[in-house]
Amino acid sequence: DGTNPLSAGSLAGVIMDTAHIYNVTGKFQVPQDYKSGMTIKPLMTPGTDGGNVYCGHDIYHMGINEQYLTTHNDSVAYAAATMGNTGFITVITTITPTNVAIGDLFTLRVKRDATHASDTHEASCNFFGWLITYEGI
C-alpha cells in the first residue's frame, strides 16, 4: 500500500510524555575487542521542534568479583538539555567512563523530569537507546 513500515511511531523506543518523571535502564557487557576510549550517549527524538528536556544520566560498572553499584560510577546531574528538530536523533549527554576493562558489566540509566520548570519541551520525547562507542583492538 506504499506506507513505510518503519515510521517514527514504530521506532519510538520509550515514550516520555510531559507529565511524568521517567527512569529508563539498560545493561551491557564490555566486548572482547575493547581497547580504549569508551563514550556512552543517550539518544532521544523530540516530539516537536525546540525546547529543553530536564534530564540526567548515570552509569555504574564493575568487573567480576567487584562490588555492584559502588566500584565505578559516573553521572551527569539533572540539567536542561536542548532538543533538536522533530525527526532527528538528539544526543542529550555524554559520559566517558574510566577504568573500563573487557568483560565489565554496565548498568545505564537515563532520567527525564518532565514536571520540572526547566523542562520546556512541549511534547513527548522518544528515548531511543544508548550510542556506545570505543576503540577496538
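**Entry 1, ground rules.** I am working with a predicted model, in which local features need pLDDT of at least 70 and side-chain atom pairs count only at pLDDT 80 or more, while totals for chains, interfaces and linings use all residues. I number residues from 1 along each chain as its sequence is written, and side-chain values use heavy atoms, with hydrogens and water left out.

**Entry 2, strand β3 and its partners.** I took strands as DSSP runs of E with at least two residues, numbered from the N terminus, and I called two strands paired if DSSP finds at least two bridges between them. I looked up strand β3, residues 34-46, and found that it pairs with strand β8, residues 125-136, in the antiparallel sense over 10 bridges. Within this pairing, P46 has C125 of β8 as its bridge partner. I also found β3 paired with strand β6, residues 90-91, again in the antiparallel sense, over 2 bridges. There, the residue of β6 that stands opposite M44 is T90.

I counted rings of Phe, Tyr and Trp (its six-membered ring) as a pair if their centres lie within 6.5 Å, with planes under 30 degrees apart called stacked, over 60 edge-to-face and the rest tilted. By this rule the structure holds 4 aromatic pairs. One of them is Y54 with Y78, which is stacked, at 5.1 Å centre to centre and with 15 degrees between the planes. This pair links distant parts of the chain, since Y54 lies in strand β4 (residues 52-62) and Y78 in strand β5 (residues 72-82), 24 residues apart. For burial I used relative accessible area, with buried under 20%, exposed over 50% and partly exposed in between (1.4 Å probe, protein chains only). Y54 counts as buried at 15%, whereas Y78 is partly exposed at 30%. I then looked at F127 and W130, which form an edge-to-face pair at 4.9 Å centre to centre, with 75 degrees between the planes. F127 is buried, with a relative accessible area of 4%.

What does the side chain of H121 reach? I found that it reaches the backbone nitrogen of G47 at 3.2 Å. For contacts I used heavy atoms within 4.5 Å. Leaving aside neighbours within four places in sequence, H121 is in contact with several residues, among them T18, P46, G47, N52, M83 and R112.

I searched the whole structure for disulfides, taken as pairs of cysteine sulfur atoms within 2.5 Å, and the search finds 0. C55 is in no disulfide, and the nearest cysteine sulfur, that of C125, is 8.5 Å away. C55 counts as buried at 1% relative accessibility, and C125 counts as buried at 0%.

In one of them, K35 is joined to E135, with the closest N and O atoms 3.4 Å apart. This pair links distant parts of the chain, with K35 in strand β3 and E135 in strand β8, 100 residues apart. K35 counts as exposed at 52% relative accessibility, and E135 counts as partly exposed at 41%.

I next looked up R109 and D58, whose side chains meet in a salt bridge at 2.5 Å, N to O. R109 is in strand β7 and D58 in strand β4, 51 residues apart, and so this pair too links distant parts of the chain. R109 counts as partly exposed at 26% relative accessibility, whereas D58 counts as buried at 6%.

The side chains of D119 and R112 also meet in a salt bridge, at 2.8 Å, N to O. D119 is buried, with a relative accessible area of 9%, and R112 counts as buried at 0%.

Technical notes. Helix = DSSP H or I, 4+ residues; strand = E, 2+ residues; numbered from the N terminus. Polar contact = N/O pair within 3.5 Å; in protein donor to acceptor, adjacent residues only side chain to side chain. Salt bridge = Lys/Arg side-chain N within 4 Å of Asp/Glu carboxyl O.
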